[in-house]
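Dear colleague,

I am passing the structure on to you with this message, and my notes on it follow below. Please read them with the model open beside you.

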Amino acid sequence: MNKPGAAPRHVAVIMDGNGRWAEARGRPRVEGHRAGLDSLQDILQAFGERGVEYVTLYAFSTENWARPLDEVEGLMDLLADAIERQTGTLHARGVRILHLGRMDRLDEKLARSIERTVALTKENTGLTLSVAFDYGGRDELLEAIKEIVRQGHKPEDIDEHLISRYLYTAQVPDPDFLIRTGGEMRLSNFLLWQAAYTEFYSTKVLWPDFGPADVHSALDAYTARERRFGTVASEA
Ligand code: IPE
Ligand code: IPE
Ligand code: MG
């Protein structure tokens, strides 16, 4: 049970609406993605100030490969750029960076740079920032099942705990709160297993317009909720 008032320990964010933000300005979609990176540091800071310990950002889904090639390439370049330009500040702030998702389809140079960032920030004890890039919830479950079989686990030994250990998120607790910008009301293959009891929040604000004030509004909405996890309402 969770009474209203407590801050979420882990917030996951579906950063959606970059394309619409750019299109509304008559600009190429990739400019929306670039604009979406601008307030990242301020947003993370706001989460940290409110006591959030884990932030997970959905940056590129396993389905996003189906977008036009120039947009996919633009997104790859932006990730490489963000790693280069923002890792130093994040590291200085004690942020531990994790990657969730597949590595095998990323360009070799990008994959190495992700690995270096994860290794560099491994011992940091501040906020844990997980970046879901080439991430899909179904893909994650499939990979986990294959690995569980490869490792020879007996059916009777397989429980929820064991499955969680084989997911990309093995090092992070389940998200308490999921924020989706851009107004859609769907998961889009994000954290399917982990979001079993996550509180969902959708805002029409497009990701490039989302800032610290929106973080506070979202967290205020969370703290007013009562989580029941399938039991009955707690007594006042
Ligand atoms: C989210 O913004 C970022 C990614 C999916 C990479 P979109 O590009 O999906 O923006 P909209 O939904 O088209 O506005
Ligand atoms: C979800 O957004 C993926 C990311 C934010 C990275 P999409 O824009 O890809 O999701 P759909 O297509 O609207 O479901
Ligand atoms: Mg979208």
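**Ligand 2 and its surroundings**

An N or O atom in the side chain of D16 lies 3.2 Å from an oxygen atom of ligand 2, which falls under the term polar contact, meaning a pair of N or O atoms within 3.5 Å, where within protein one must be able to donate a hydrogen and the other to accept it, and residues adjacent in sequence count only if both atoms are side-chain atoms. Before going further, please note that this is a predicted model, in which local features need pLDDT of at least 70 and side-chain atom pairs count only at pLDDT 80 or more, while totals for chains, interfaces and linings use all residues. Residues are numbered from 1 along each chain as its sequence is written, chains are lettered from A and ligands numbered from 1 in the order in which they are written, and side-chain values use heavy atoms, with hydrogens and water left out.

The side chain of R67 likewise has an N or O atom 3.2 Å from an oxygen atom of ligand 2, and for the side chain of R186 the corresponding distance is 2.8 Å. On its own, ligand 2 has 390 Å² of accessible area, of which the protein covers 78% (areas by the Shrake-Rupley method with a 1.4 Å probe; for residues, only the protein chains shown count as cover).

The residues around ligand 2, each with a heavy atom within 4 Å of it, include I14, M15, Y58, A59, F60, N64, R180 and S188. Strand 2 (residues 54-61) gives the largest share of this shell, three residues, where strands are DSSP runs (E, at least two residues) and helices likewise (H or I, at least four), numbered from the N terminus.

**Ligand 1**

Around ligand 1 there are 13 residues, of which D16, G19, R20, R29 and R67 come nearest. An oxygen atom of ligand 1 is 2.7 Å from an N or O atom in the side chain of R20, whereas G19 brings a backbone N or O atom to 2.9 Å from a ligand oxygen, and a polar backbone atom of N18 is 3.1 Å from an oxygen atom of ligand 1. The protein covers 86% of the 370 Å² of accessible area that ligand 1 has on its own.

Helix 1 (18-23), helix 2 (29-35) and helix 4 (69-92) each supply at least two residues of the shell around ligand 1, and helix 1 gives the most, with three residues.

**The protein as a whole**

The protein has eight helices and six strands, which run from the N terminus as β-α-α-α-β-α-β-α-β-α-α-β-β-α. The C-alpha atoms fill a box of roughly 50 × 45 × 35 Å, taken along the principal axes.

With best regards
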